[in-house]
Amino acid sequence: MDASGRSSQSQGWLEPLGYPRPEEEKLSIHLAYATRRYRREPTQIDGDLGIGVGSIPTLPRGGLALAQENDTWIITLAGYGDDEPPLDAAGFAEFAASCPAPDLGDLISTAEPIDDGVRYRVPTTVRRHFDPAQLPSGYIPFGDTICSFNPIYGQE
């Protein structure tokens, strides 16, 4: 079973064993997302446990805030192309405030940051067309080894 994900190396080791490399379809998405954690107050966003703001064609940025244990928020902001969310607290808040709806910016303006955040970049989505007839007996590609979507859609 190969569940090593979007960075799977299996196609590279299948070839020396005499198996063809699976055909790949790639779609360029140039996604960057950043995640930071914040202290959560029960009164924020009227006590709701999460909010999401989607991107629109004229403003390709958005994000998601979800309540977590120990009264914290995990907040992820995303942008496409050169529109990368900054990691510093002020830049992160400014990016959130400029999303298509004010909800994330409003939340961050009243929340205390508790970490420095991390950034991820996903240049492409990939689909590998494995042909079961052309694979070693017992080998099973699984999950993102076969197809890796845009992680912002929560399909990972």
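Is R119 buried, partly exposed or exposed? R119 is partly exposed, its relative accessible area being 27%. The legends below describe close-up views of a predicted model.

View 1. An open sheet is formed by six strands, arranged as β2-β3-β4-β1-β5-β6 with antiparallel pairing. The edge positions are taken by β2 and β6; each has a single partner strand, so one side of each has no neighbour in the sheet.

**View 2. Pairing of β3 with β4.** Strand β3 covers residues 61-68 and pairs with β4 in the antiparallel sense, over eight bridges. Within this pairing, Q68 stands opposite T72 in β4.

**View 3. Salt bridge between R128 and E24.** The structure holds eight salt bridges; one of them joins R128 to E24, with the closest N and O atoms 2.9 Å apart. The two residues are 104 residues apart and link distant parts of the chain, R128 lying in strand β5 (residues 118-129) and E24 in strand β1 (residues 23-39). R128 is buried, at 6% relative accessible area, whereas E24 is partly exposed, at 33% relative accessibility. A network of salt bridges links E24 and R128 with K26.

**View 4. Salt bridge between E112 and R39.** E112 and R39 form a salt bridge in which the closest N and O atoms are 3.8 Å apart. This pair also links distant parts of the chain: R39 belongs to strand β1, E112 to the loop between α3 (103-109) and β5, and 73 residues separate them. E112 is partly exposed, with a relative accessible area of 46%. R39 is partly exposed as well, with a value of 39%.

**View 5. Salt bridge between R119 and E84.** The side chains of R119 and E84 meet in a salt bridge with an N to O distance of 3.6 Å. R119 is in strand β5, and E84 is in the loop between β4 (72-80) and α2 (89-97); the pair links distant parts of the chain, 35 residues apart. E84 counts as partly exposed, at 30% relative accessibility.

**View 6. The largest nonpolar core.** This core has 16 residues, and those with the most contacts inside it are Y38, A65, I75, L77, F92 and L104. At least two of its residues come from each of β1, β2 (50-53), β4, α2 and α3. Leaving aside residues up to four places away in sequence, L104 touches I51, V53, G62, G63, L64, A65, I75, L77 and A96.

View 7. I140 is found in the loop between β5 and β6 (147-148). With 44% relative accessibility, I140 counts as partly exposed.

Terms used
Residues are numbered from 1 along each chain as its sequence is written. This is a predicted model: local features need pLDDT of at least 70, side-chain atom pairs count only at pLDDT 80 or more; totals for chains, interfaces and linings use all residues. Side-chain values use heavy atoms; hydrogens and water are left out. A salt bridge is a side-chain nitrogen of Lys or Arg within 4 Å of a carboxyl oxygen of Asp or Glu. Helices (H or I, at least four residues) and strands (E, at least two) are DSSP runs, numbered from the N terminus. Buried means under 20% relative accessible area, exposed over 50%, partly exposed in between (1.4 Å probe, protein chains only). A nonpolar core is a set of buried Ala, Val, Leu, Ile, Met, Phe, Trp, Tyr and Cys residues joined through side-chain atoms within 4.5 Å. Contact means heavy atoms within 4.5 Å. Two strands pair if DSSP finds at least two bridges between them.
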